[in-house]
Amino acid sequence: MVQVHEKTVKKAEPPEDRVKGMVVYPMAIVARQFVKSLWRPSTILYPFGERLENEDFRKTVKVESGAPIGVGEIWDNYRGVHGLNIKTCISCNLCAFSCPDTCIEMVNTDAGGGKTKKCPEIDYGKCSFCGFCSDACPEGCLTMTPGYTITTNDRAHMVYSPQRLFEVYKAKLSQNPTRIALPENEDVILLDQDLCIGCNACARDCPTKCITMIDIPKPESKPGEKLPKRIWKEPTVNDPECVRCGTCISVCPRECLYWGARK
Amino acid sequence: MVETLYSVAHTLVVLLLGLLGPLVPGSGAYGPFLAVWLSYLVVGALVFAVSLVNVLVFIWWERKLLGRFMDRRGAMHVGYAGLLQNLADGLKLFRKQPFSPREADDLGYYFGPTAYLVISIAILGFLPISFGFSGGAVPLSLLVALALFSFAPLFIFIASWSSNNKYSLIGGMRTAAQLVAYEIPLLLSVVAVVALTGSFDLNVIVGDQAANGWFAVPLILGLIIFFIAMLAEVERIPFDLPEAEAELVEGWSTEYGGMLFAFTMLGDYVRALIGSYLIVLLFLGGWSMPWGLSSFPLSGIVFFQLKTYAVFAIFIWVRASLPRVRTDQLLQIGWKRMLPLAMVNIIWALALVVWGYPVIHWPAL
């Protein structure tokens, strides 16, 4: 036990070391920092940061070998402001559904030719740049770009309409990878045939038009039995085209569609 | 007669009165009286302008250097390299409404920081920036400057007590304790300089250094003691216990806002300016430079300012590097380390005089 006691007792540091450790050493560190800051840029300066998106300027910036990013460069998969291709958007609502911050709202947008469709509108006052919406987008039309200069003085200006997101898309910044691969044995849309009334709502609202209504034979009524009042049609899902947006389930008036394992 | 700021101002004012006097009927009877008081005004305005310009550049210098020390850039956008940022900040503070807390004692609340700033700027009238560039030739200018310098804890304590705030009062009491404790090593390290020169006149002290070499060489111990004591006197990190942000909100200036806060801030920087001036005057040769560098016109002021900014750069370097000391450490450093070392320094200076350090007794100015 005596040995343990001897080991745990530490000798007090001499005052010379204390002065060296608490005065000289930090001052030397700070002086080195000062000398370093004289010839290398300290930070990315905000108003001049936009030039970093200029390819020519980025080529002139030297990056230390081995480092993926140096001063004056941005990661290629940096998650900044979104780009939206309005033309390929199918209004599936998956981006708004996957958003943890509820910053995405589907608004009516001019789709060209006098038609309108729902496209995402993003409030960057709420957005946390998690990228879930970009991962969820089945068409790859909503992607995250390296653009980050979205600071304004006006709160309303932080809300990006689909047209503004389309402008970002047209700027052709590098985009992060689109939707992650679908898992195998993903759940599919199943139908409870007894509840279905053949109302066509699912086929009408399906963004990818992968649901078709197929005629089913009308059973002959037995004496004393009343046939249900319905249209004698049933939805059929073309599975490879389905993006699993769940729109059909949410619009079904009888709740006869549900998620389930592939049969 | 040495050309001082006062004599130059008096000559100019007399000339101006001679030109304008005939235009104002009946002004001849008040001629000498007017000349004296107008020249006082001119000298005061000059000292005020010089000190405020220096303080503005000091704050800019601190912002830029501190930024570099912290891997930032400091003020960048207002003016060239942020030089006008302090003017913008001052304008913002100037536009604010003056107010006092409901329970505060208004007289002390308004009087404290104002007197703190005024007494700090008044010291600058006694510190020569170059030969004769002071309010007047005062034989005891060093003594007067240090006496006025030690008035600050009184006004700080008045301000903090009148604020009727717990944090203010604790900060004020800490200020009083710290400033009184560090006056002693400060003054004792000055005693060594006075022993070597035999004069309290700062002009003589600088002239002695110009002839015999800077006192930073024989009195290096005194320089270190004076520097540390001055750090504590101007309440800068690592001795900023009176304004410890983590413990007391803003120390003794917690309740102040707007222009009164600007007064406390200005007072702090004016005192830092005085501290840098005193270090340069007492130990770094003032406006004198070796190798005949200070023989050009106006070079004295230029070299003096360069030395001042270099000394303040060390203040900033210390601020960027060191953590705040505890109260017990503060008093331990002051009473157990600095005071005996100051005594050793005095004995060393006296030994130098006995061994024949060339003390030049300059003719009285």
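**Exercise 1. A helix over a sheet in chain A**

Task: Find which strands of chain A helix 6 (residues 162–170) lies across, and at what angle helix 6 runs to strand 3.

Solution: Start with the helix. Helix 6 of chain A lies across strand 2, strand 3 and strand 5 of chain A, and it runs at about 80° to strand 3 of chain A. Keep in mind that you're looking at a predicted model.

Next, sort out the strands. They form an open sheet of three strands in chain A, with the order 2-3-5 and antiparallel pairing. Strand 2 (104–112) and strand 5 (159–160) of chain A stand at the edges with a single partner strand each, so one side of each has no neighbour in the sheet.

Now zoom in on one pairing. Strand 3 (residues 115–123) and strand 5 of chain A run antiparallel and are joined by two bridges. For A:D123, the bridge partner in strand 5 of chain A is A:V159.

**Exercise 2. Two chains, two make-ups**

Task: How many helices and strands does chain A have, and how many does chain B have?

Solution: Take chain A to begin with. You'll count eight helices and nine strands there. Of its 263 residues, 17% count as buried. For contacts in chain A with a separation of 6 or more, 73% are between residues 24 or more positions apart.

Then go to chain B, which has twelve helices and zero strands. Of the 365 residues of chain B, 44% count as buried. In chain B, residues 24 or more positions apart make up 77% of the contacts with a separation of 6 or more.

**Exercise 3. Where the chains touch**

Task: Which elements of chain B give two or more residues to the side that touches chain A?

Solution: Begin with the head count: nine residues from chain B and ten residues from chain A take part in the contact. On the chain B side, the elements giving two or more residues are helix 2 (31–69) and helix 11 (299–321) of chain B. Helix 11 of chain B supplies the largest share of that side, three residues. Sorted by class, the side of chain B that touches chain A has four nonpolar, one polar and four charged residues.

**Exercise 4. A residue in helix 11**

Task: Is B:V311 buried or exposed?

Solution: The cut-off for buried is 20 or more other C-beta atoms within 10 Å. B:V311 has 20 C-beta neighbours inside 10 Å, so it counts as buried.

Who's around it? Setting aside neighbours within four places in sequence, B:V311 is in contact with B:S276, B:I279 and B:V280. B:G275 is 36 residues away from B:V311 in sequence, with 9.2 Å between their C-alpha atoms.

**Exercise 5. The buried face of helix 5**

Task: Work out why the buried residues of helix 5 of chain B line one face of the helix.

Solution: List the buried residues of helix 5 (residues 141–149) of chain B: B:S141, B:L142, B:A145 and B:F149. Looking down the axis of helix 5 of chain B, you'd find these buried residues within an arc of 100°, so they line one face.

Finish with the partners. The buried residues of helix 5 of chain B pack against helix 4 (106–124), helix 6 (152–162), helix 8 (202–212) and helix 10 (258–283) of chain B.

**Exercise 6. A helix pair in chain B**

Task: At roughly what angle do the axes of helix 6 and helix 7 (residues 166–197) of chain B cross?

Solution: The two axes come within 8 Å and cross at roughly 170°. That makes helix 6 of chain B roughly antiparallel to helix 7 of chain B. Residues from helix 6 of chain B, including B:I156, B:F157 and B:W161, meet residues of helix 7 of chain B, among them B:L169, B:G172 and B:L179. By class, this contact has ten nonpolar, five polar and no charged residues.

Technical notes. Residues numbered from 1 in each chain as written. Chains lettered and ligands numbered in written order. Predicted model: local features only at pLDDT ≥ 70, side-chain atom pairs only at ≥ 80, totals over all residues. Contact = placed C-beta atoms within 7 Å. Helix = DSSP H or I, 4+ residues; strand = E, 2+ residues; numbered from the N terminus. Nonpolar A, V, L, I, M, F, W, Y, C, P; charged D, E, K, R; others polar. Buried ≥ 20, exposed ≤ 12 C-beta atoms within 10 Å, placed from the backbone. Arc of directions from axis to C-beta. Pairing = 2+ DSSP bridges. Axes fitted to C-alpha atoms, helices over the stretch in contact; angles between N-to-C directions. Parallel < 35°, antiparallel > 145°, perpendicular 65-115°, else oblique.
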